[in-house]
Amino acid sequence: MQAFPRVLFDEAHSESWTVRREVAEAINPAHPDDNSYARAAGVLRHLGYTVAAHTSGELRPEVLAEQDVLVIAHPSGERWERTTGQGSPVFSAAELDAVWSFVAAGGGLVVLAEEEQDKYGNNLGELLAPFGVGVEHTTVRDQKHAHRDVATWVLAEPVAPGGLLAGVERACFYRSGTLTVTAGGDFGASAQDVPAASAQGSAQDVPGVSAQESAQDVPVASGQDVSAASGVASQAGATVLFATSDDADPAGAPLALALRWGKGRVAVFADSDLFGDHFIDDYDHRTLWGNVVTWAARVPEPGADGAGRDVTRERKAAAFGRLKEAVEELRPLQVKDGSVPEESKGRARELVGVIAGYVGEISPYFPHDAAYLQAVQDDLATWAAQGLGVPDFLDSLDQFHPDTQREDGLEHVVVFPMYTQNGNPDRNLEAVWIRTIWPGWLAELEADGYDNPMFVPIAFEDFTSGYDTHSAVLFPETVAVRTAPERFTWGGIFADREAARFRRVSRAATETLRLDLPPDAARLLESQRLAQDTFVLWDLVHDRTHSHGDLPFDPFMIKQRMPYWLYALEELRCDLTAFGEAVKLEARGVPYARYVRLAILFDRLFRFPITGRRVRNYDGLGGQLLFAYLHRNDIVRWTDNRLTIDWERVTDGVADLRGEVEKLYRDSIDRSKLAHWLAAYELVSAYVPPHPASTWARGIQVLPEEQKAKVDAVLPDEFPLSMFYEALRRKLADVVESTEGLRA
């Protein structure tokens with residue numbers, strides 16, 4: 001299951017465009033830009049997409065089965081255009097059926113037509129008819145909205161900006177036709193409702209729901225119809241993206257539109273030149289092209305990779321199931337420090353022996369952990385022999401080093417008495433089956449400037465009930481040991497759970513706040529695989545940032561007792577830094593980086609402030625500060641009960657807030673501890689109002705003399721939620737609660 005879409009350009013039907021630059025140079029040596037989509041393909045590859053050309057033969061179902069988007073760019077007879085020279089511009093009845101079925105089952109289709117459409121000898125009209133879309137045989141002219149004063153080079157603005165058109169303010173259509181939308185299109189049909197269509201391919205041949213019903217099912221990324229700003233939006237279930245002006249001939253006619261059909265999506269343009277090599281850098285064409293293909297692309301359903309039965313895995317799962325069952329019976333017999341009271345020791349001693357036996361049974365499935373699993377058995381035996389007092393698993397902890405085994409897909413079974421951070425506070429015995437996430441692209445980044453040898457991204461396979469909580473980390477310092485090691489060498493973060501929690505809360509928040517999502521943001525919330533890999537990169541950069549920069553104090557502050565806003569600023573600093581690094585990585589061509597920026601923004605704005613208790617909630621406070629800063633600077637707006645984000649200004653806004661935090665750090669190197677605390681308080685309270693009853697807000701003159709007393713004077717909720725967040729927290733309370741113990 002791929003995180004990024006696979007895009008297939010059809011070049012086997014005498015198309016006028018090719019993604020192969022050498023082919024464009026061969027068919028049009030004097031002006032290859034007029035036949036090349038190589039730069040458009042490059043835009044997609046920069047986004048991480050796989051781009052291929054279908055160069056011969058029919059578009060059969062098996063050809064399309066491995067693709068997420070099909071692009072058909074202006075098939076034409078040789079009389080009118082220089083073309084790839086492969087095949088006929090007419091799609092056969094079998095090919096039409098294959099394309100329709102592909103879309104109905106969830107595939108994306110992008111069709112690029114042309115002016116005076118009928119003369120080119122293709123059958124795009126037949127292909128588009130079931131979608132209720134037609135291409136008019138005309139050439140648009142608009143002298144008042146002309147590029148370089150050429151009346152047929154028509155400038156157009158989005159019918160309604162945002163969503164699919166985020167970051168797009170203007171596009172130029174060069175010698176464009178127009179589109180029509182008919183009520184006969186079967187926009188809402190589900191995959192099972194769309195059998196192979198007839199050779200004629202008429203709209204009536206494809207059963208489904210009415211256009212009026214399906215119009216409600218055709219949002220552009222956000223879930224809302226585009227308002228009818230030009231009088232043509234949301235016609236018969238299709239959303240018009242661009243239309244001609246009132247001064248044009250013809251006036252008020254669609255130039256580009258998008259619609260949902262079955263489980264898939266279709267985008268149609270009445271001009272194909274705007275994404276060609278000659279014009280793709282004009283206006284906002286690059287952004288528009290990336291948005292459209294991203295929006296149209298299929299999002300694979302979990303488990304869609306078609307893996308067959310794995311008998312060895314089934315046996316491994318059965319062995320872990322027996323181990324888990326025995327551990328679950330022991331856990332209630334333990335008290336807070338992990339020991340077992342006298343009245344329960346008889347059964348507990350039996351269970352410890354059974355658990356040790358099951359660890360031995362499962363050990364052959366994990367030969368790379370043989371020494372560790374043997375040490376677990378020894379520690380269990382010692383614990384039982386010493387009367388089941390406070391457990392001590394230091395010897396086995398010393399043998400467990402997942403940081404030295406960072407291999408993608410490598411699995412471990414972890415058995416320790418431990419508490420789970422943000423979860424169970426008691427040191428119960430836990431058994432956790434984990435899988436390491438360490439893809440090649442991440443290993444390369446870690447070796448090339450983002451070194452973080454302690455970081456181990458992991459995913460759950462199965463776990464005992466201590467992890468049936470909000471906990472998403474596996475840290476060695478939580479294990480019961482007789483004495484702490486001199487240093488800890490690893491830390492595991494469950495990227496799958498963090499990604500799943502992020503998606504569930506962010507999706508609910510964006511729907512509640514009616515936030516119009518760009519296609520890449522919508523895809524991030526739809527795809528668990530993409531979100532998981534995004535979180536792995538985010539965690540890698542965030543975690544290492546704690547020890548980098550101008551730091552006036554121990555960045556982790558775990559062993560220091562300080563006011564909690566200092567923790568909030570440190571965690572936020574690391575995320576703001578990760579955001580900035582993601583901007584650099586995106587420029588370097590790391591496709592996950594653009595999604596890291598979105599994940600940081602959404603998690604900080606939506607999930608952190610409303611998750612957990614309000615007692616010294618430092619992650620929540622960091623999110624409150626980011627929201628308040630962006631809102632103060634008019635980058636985030638809450639108007640008419642709707643949240644909007646100025647996507648073009650977000651990066652600069654985050655960088656500006658990061659600058660304020662980093663200045664605080666640099667200046668505080670020369671300050672006393674108390675002066676630093678006060679300066680940090682002033683920074684936070686400049687954007688997030690403190691509690692009206694706050695002692696700290698009244699200034700240094702009323703604070704107690706003794707340092708511990710100063711910390712004690714901090715209110716449990718020193719910076720309360722705003723009315724905005726109070727309302728959001730109430731609305732999403734059930735959603736947040738449902739993320740406890742979440743499995744991806």
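Is aspartate 395 buried, partly exposed or exposed, and what is its relative accessibility? At 40% relative accessibility, aspartate 395 counts as partly exposed, where buried means under 20% relative accessible area, exposed means over 50% and partly exposed lies in between, with a 1.4 Å probe and protein chains only.

1. On the basis of the model: this is a predicted model, in which local features need pLDDT of at least 70 and side-chain atom pairs count only at pLDDT 80 or more, while totals for chains, interfaces and linings use all residues. Residues are numbered from 1 along each chain as its sequence is written, and side-chain values use heavy atoms, with hydrogens and water left out.

2. On the strands: strand E4 (residues 108–112) has five of its five residues buried, so it is largely enclosed by the rest of the structure; strands here are DSSP runs (E, at least two residues), as helices are (H or I, at least four), numbered from the N terminus. Gly108, Val110 and Leu112 are buried on one side of E4, and Leu109 and Val111 on the other. E4 runs parallel to strand E3 (residues 69–73), to which five bridges join it, and two strands pair if DSSP finds at least two bridges between them. Within this pairing, isoleucine 72 has valine 111 as its bridge partner.

3. On strand E1: four of the five residues of E1 (residues 6–10) are buried. E1 is joined by five bridges to strand E2 (residues 50–54), running parallel, and by three bridges to E3, again parallel. Arginine 6 stands opposite threonine 50 in E2, whereas valine 7 has valine 69 in E3 as its bridge partner.

4. On salt bridges: a search of the whole structure finds 49 of them, each being a side-chain nitrogen of Lys or Arg within 4 Å of a carboxyl oxygen of Asp or Glu. Lysine 316 and glutamate 411 form one of these, at 2.9 Å from N to O. Because lysine 316 lies in helix H8 and glutamate 411 in strand E13 (residues 411–418), the pair ties together parts that are 95 residues apart in sequence. Lysine 316 is buried at 12%, and glutamate 411 is buried at 7%. Both belong to a network of salt bridges that also links Arg313, Arg435 and Glu461.

5. On the residue in the opening question: the side chains of aspartate 395 and arginine 482 meet in a salt bridge of 3.2 Å, N to O. Aspartate 395 is in helix H11 (residues 394–399) and arginine 482 in the loop between strands E16 (473–474) and E17 (491–494), 87 residues apart. Arginine 482 counts as exposed, at 53% relative accessibility.
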